[in-house]
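These are my notebook entries on a structure that I had not examined before. I record what I looked up, entry by entry.

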Amino acid sequence: GLRGQDEGTRPVPLESRQSSALALLSAFAETMEKSGDVERSLVELLSQALDAAGVPRGRLYLLDTAGRLVLRSTQGEARSVTGTAPASPADDERVLHQVLDRGEPQVFTASASLAEHRGLVERLGGHTVLAVPVSAREKPLGVLCLISDARALEDHTWTSFGRVLAIHLGQ
């Protein structure tokens with residue numbers, strides 16, 4: 001919606017982004033403790049991360065038993081998907097796997113120099129994608145993607161927002 005686009009373009013101080021990320025993590029930890037359901041807790045975290053970031057759309061990909069990244073939830077898209085459709089095409093899965101292997105959040109833009117990065121952004125339907133690796137006790141679980149129509153996600157504060165999430169989700 002418009003709210004997300006407006007907030008996505010307005011500069012937000014770094015401290016405020018980091019405290020938003022920490023607040024999200026504490027809510028996530030609480031949900032995890034109550035339900036013990038990692039996937040449901042991550043879907044909830046995605047929803048809260050979109051609100052905190054002022055970004056309209058997001059996706060959650062989780063590793064399946066074969067080690068493939070599978071789309072488990074979409075939010076803010078025309079149709080909401082929760083299922084087991086593999087991340088497609090193979091290029092997208094490879095890019096997201098690299099984020100997971102690195103353990104570092106990464107920002108991809110429509111003007112990225114690598115064609116597979118541009119392709120991912122194009123297929124997710126935004127201008128900028130912040131991909132945040134998710135792991136628990138150093139075991140990789142999947143990738144959260146925040147998808148923005150604005151160029152604002154290229155800002156370094158977004159990467160640090162993603163880094164705070166990634167570090168704490170990895171503990």
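This is a predicted model: local features need pLDDT of at least 70, side-chain atom pairs count only at pLDDT 80 or more; totals for chains, interfaces and linings use all residues.

**Entry 1. Gln75**

The side chain of Gln75 reaches the backbone nitrogen of Ser47 at 3.3 Å.

Residues are numbered from 1 along each chain as its sequence is written, and side-chain values use heavy atoms, with hydrogens and water left out.

Is Gln75 buried or exposed? I found a relative accessible area of 14%, so Gln75 is buried (buried means under 20% relative accessible area, exposed over 50%, partly exposed in between, with a 1.4 Å probe and protein chains only). I then listed its contacts, meaning heavy atoms within 4.5 Å. Not counting residues up to four places away in sequence, Gln75 touches Val43, Leu46, Ser47, Leu50, Pro56, Arg57 and Gly58.

Gln75 is found in strand S2. Helices (H or I, at least four residues) and strands (E, at least two) are DSSP runs, numbered from the N terminus. I checked burial along S2: seven of its seven residues are buried, so the strand is largely enclosed by the rest of the structure. Val70, also found in S2, has a relative accessible area of 5%.

S1 and S2 pair in the antiparallel sense over six bridges; two strands pair if DSSP finds at least two bridges between them. Five residues lie between the strands in this hairpin, where Gly67 takes a positive phi near 85°.

**Entry 2. Leu60**

I moved to strand S1, where Leu60 lies. Leu60 counts as buried, at 0% relative accessibility. Its bridge partner in S2 is Ser73. Leaving aside neighbours within four places in sequence, I found Leu60 in contact with residues including Glu39, Leu42, Val43, Leu46, Val70 and Leu144.

I looked up two C-alpha separations. Leu60 and Leu42 are 18 residues apart along the chain and separated by 7.7 Å. Val70 and Leu60 are ten residues apart in sequence and 8.4 Å apart in space.

**Entry 3. The sheet**

In which order do the strands of the sheet stand? Five strands form an open sheet in the order S2-S1-S5-S4-S3, with antiparallel pairing. Strands S2 (69–75) and S3 (106–109) are the edge strands, each pairing on one side only. Strands S4 (residues 128–136) and S5 (residues 139–148) pair over nine bridges, and Val132 stands opposite Leu144 in S5.

**Entry 4. Helices H4 and H5**

Helix H5 (residues 115–124) packs on the sheet, touching S1, S3, S4 and S5. Its buried residues are Glu116, His117, Gly119, Leu120, Val121 and Leu124, and they pack against S1, H4, S3, S4 and S5. Just after H5, I found Gly125 with a positive phi of about 75°.

The axes of H4 and H5 come within 9 Å and cross at roughly 105°. That makes H4 roughly perpendicular to H5, a label that covers 65 to 115 degrees, while angles under 35 count as roughly parallel, over 145 as roughly antiparallel and the rest as oblique. Axes are lines fitted to C-alpha atoms, for helices over the stretch in contact, and angles run from 0 to 180 degrees between N-to-C directions. Among the residues that meet here are Val95 and Leu96 in H4, and Leu120 and Arg123 in H5.

**Entry 5. Nonpolar cores**

Last, I looked up the nonpolar cores, each a set of buried Ala, Val, Leu, Ile, Met, Phe, Trp, Tyr and Cys residues joined through side-chain atoms within 4.5 Å. The largest has 20 residues, of which Leu42, Leu144, Leu146 and Phe161 touch the most other members. The elements giving two or more residues are helix H3 (38–53), S1, S4, S5 and helix H6 (156–169). H3 gives the most, with six residues. A second, separate core of 16 residues includes Tyr61, Val129, Ala131 and Ile147.

Terms used. A polar contact is a pair of N or O atoms within 3.5 Å; within protein, one must be able to donate a hydrogen and the other to accept it, and residues adjacent in sequence count only if both atoms are side-chain atoms.
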